[in-house]
Amino acid sequence: QVQLVESGGGLVQAGGSLRLSCAASGRTFTSYTMGWFRQAPGKEREFVAAISWSGGNTYYADSVKGRFTISRDNAKNTVYLQMNSLKPEDTAVYYCAASYRSTTAQAMALLPGTHMNYWGKGTLVTVSS
């Protein structure tokens, strides 16, 4: 069993930055491809970014490419999402997810949410204009 706990959300002005963290319990963190998803009010959950178990491969949604960076520290069992140049349309609850590492970072963008093995409870990011 893996528990995922997100942190780092908050209120920020457009153009600002935030760094989200997702801490994973357990000793098998490197068994998982990790991803970030988000859900804005009244919208469906959407993929944001993913990173392979080694950190060697990443994949991003077009809407965040060049502004967001996903990374992981396997020694700390933590995955990060650095968000720069934030826009009001980035406002959403951001969720961390884990999928067995046979899932590539690119595949994580395409698979349904039911394919993920674990989800966090989310952290709210609000970007004001």
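1. Cys96 is buried in this predicted model, with a relative accessibility of 0%. Cys22 likewise has a relative accessible area of 0% and is therefore classed as buried.

2. Cys22 and Cys96 are joined by a disulfide, with an S to S distance of 2.1 Å. A search of the whole structure returns 1 disulfide. The link of Cys22 and Cys96 is left-handed, at -80 degrees about the S-S bond. Because Cys22 belongs to strand β3 (residues 18-24) and Cys96 to strand β9 (residues 92-100), this pair ties together parts that are 74 residues apart in sequence.

3. Aromatic contacts form a second topic. The structure contains 5 aromatic pairs. One of them is formed by Tyr32 and Tyr100, whose ring centres are 5.2 Å apart and whose planes meet at 25 degrees, so the pair is stacked. The cut-off for stacking is an angle under 30 degrees between the planes. Tyr32 lies in strand β4 (residues 32-39) and Tyr100 in strand β9, so parts that are 68 residues apart in sequence are tied together by this pair.

4. Tyr32 is buried, with a relative accessible area of 6%, whereas Tyr100 counts as partly exposed at 41% relative accessibility.

5. Phe37 and Phe47 also form an aromatic pair, in this case edge-to-face, with 5.6 Å from centre to centre and 75 degrees between the planes. Since Phe37 is located in strand β4 and Phe47 in strand β5 (residues 46-51), the pair ties together parts that are 10 residues apart in sequence. Phe37 is buried at 5% relative accessibility, and Phe47 is buried at 12%.

6. Phe37, Phe47, Tyr59 and Trp119 are linked by ring pairs into a cluster. Within this cluster, Trp119 has the charged end of Arg45 over its ring, 4.0 Å from the ring centre.

7. A further arginine is placed over an aromatic ring. The charged end of Arg72 sits over the ring of Phe29, at 4.3 Å from the centre of that ring.

8. In summary, strand β9 holds Cys96, the disulfide partner of Cys22 in strand β3, and Tyr100, which pairs with Tyr32 in strand β4. Strand β4 also contains Phe37, the partner of Phe47 in strand β5.

Conventions
Residues numbered from 1 in each chain as written. Predicted model: local features only at pLDDT ≥ 70, side-chain atom pairs only at ≥ 80, totals over all residues. Heavy atoms only, no water. Disulfide = S-S within 2.5 Å. Helix = DSSP H or I, 4+ residues; strand = E, 2+ residues; numbered from the N terminus. Buried < 20%, exposed > 50% of the residue type's maximum accessible area, 1.4 Å probe, protein only. Phe/Tyr/Trp six-rings, centres within 6.5 Å; stacked < 30°, edge-to-face > 60°. Lys NZ or Arg CZ within 6 Å of the ring centre and 35° of its normal.
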